[in-house]
Amino acid sequence: MPAKRRLPLKACVKCKALVEDSVDVCPVCGSREFTDDWDGFVAVIDPEKSEAAKLLSLKQKGAYSVKVR
Ligand SMILES: [Zn+2]
């Protein structure tokens, strides 16, 4: 069984949060729009101190994709 994706995750179109494929509603922004077409990965532990979080305007901790197409 060949793996199609690197990770069984999809990205929220609105806020870029990464969630498991089985999740229907984004836990961060409540959106129901997801895409499998994302790239990059950033884990935000402390949004107040993370440079990556500032760059990407992320307010909550969690896993995010860097780019959503
Ligand atoms: Zn979201």
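How many salt bridges does the count come to? The count comes to four, where a salt bridge is a side-chain nitrogen of Lys or Arg within 4 Å of a carboxyl oxygen of Asp or Glu.

The model is predicted, so local features need pLDDT of at least 70 and side-chain atom pairs count only at pLDDT 80 or more, while totals for chains, interfaces and linings use all residues. Residues are numbered from 1 along each chain as its sequence is written, and side-chain values use heavy atoms, with hydrogens and water left out.

The protein contains one helix and seven strands, and from the N terminus on these elements follow the order β-β-β-β-β-α-β-β. Here helices (H or I, at least four residues) and strands (E, at least two) are DSSP runs, numbered from the N terminus. Of the 69 residues, 30% count as buried; buried means under 20% relative accessible area, exposed means over 50%, and partly exposed lies in between, using a 1.4 Å probe and protein chains only. Contacts, defined by heavy atoms within 4.5 Å, also show how the chain folds back on itself. Among contacts between residues at least 6 apart in sequence, 41% join residues at least 24 apart.

Now to the metal. The zinc ion has four protein donors, the SG atoms of C12, C15, C26 and C29, lying 2.3 Å from the ion. Donors are N, O and S atoms within 2.8 Å of the metal (3.2 Å for Na, K and Ca), and water is not among the atoms, so sites may look incomplete. Why is the arrangement called tetrahedral? The four donor atoms subtend angles of 102 to 114° around the zinc ion, which makes the arrangement tetrahedral. The rule for four donors is that all angles lie between 85 and 135 degrees. For comparison, ideal angles at a metal are 109.5 degrees for four tetrahedral donors.

Along the sequence, the donor residues follow the spacing C-x2-C-x10-C-x2-C. C15 sits in the loop between β1 (9–12) and β2 (18–20) and C29 in the loop between β2 and β3 (34–35), so this pair ties together parts that are 14 residues apart in sequence. C26 also has its place in the loop between β2 and β3. In the UniProt record, an unreviewed entry, the annotation "binding site" covers C12, C15, C26 and C29. Although these residues are spread over 18 residues of sequence, they cluster in space, with a largest C-alpha distance of 8.7 Å. UniProt positions are given in the numbering used here, feature names are shortened, and annotations may be inferred rather than shown by experiment.

Not counting residues up to four places away in sequence, C15 touches C26, V28, C29, L58 and Y64. With neighbours within four places likewise left aside, C26 is in contact with C12, C15, A17, S31 and F34. The structure holds zero disulfides, a disulfide being a pair of cysteine sulfur atoms within 2.5 Å.

The salt bridges complete the picture. The side chains of R69 and D37 meet in one of them, at 2.6 Å from N to O. This pair links distant parts of the chain, since R69 lies in the segment after β7 (67–68) and D37 in the loop between β3 and β4 (38–39), 32 residues apart. R69 also meets D39 in a salt bridge, at 3.4 Å from N to O. Here the link runs from the segment after β7 to strand β4, where D39 lies, with the two residues 30 apart.

Another salt bridge joins the side chains of E51 and K54, at 3.6 Å from N to O. Both residues lie in helix α1 (residues 51–55), three residues apart, about one turn of the helix. E51 is exposed, with a relative accessible area of 54%, while K54 is partly exposed at 49%.

Definitions and conventions: Four donors count as tetrahedral if all angles lie between 85 and 135 degrees; four count as square planar and six as octahedral if opposite donors are over 155 degrees apart and all others between 65 and 115; anything else is irregular.
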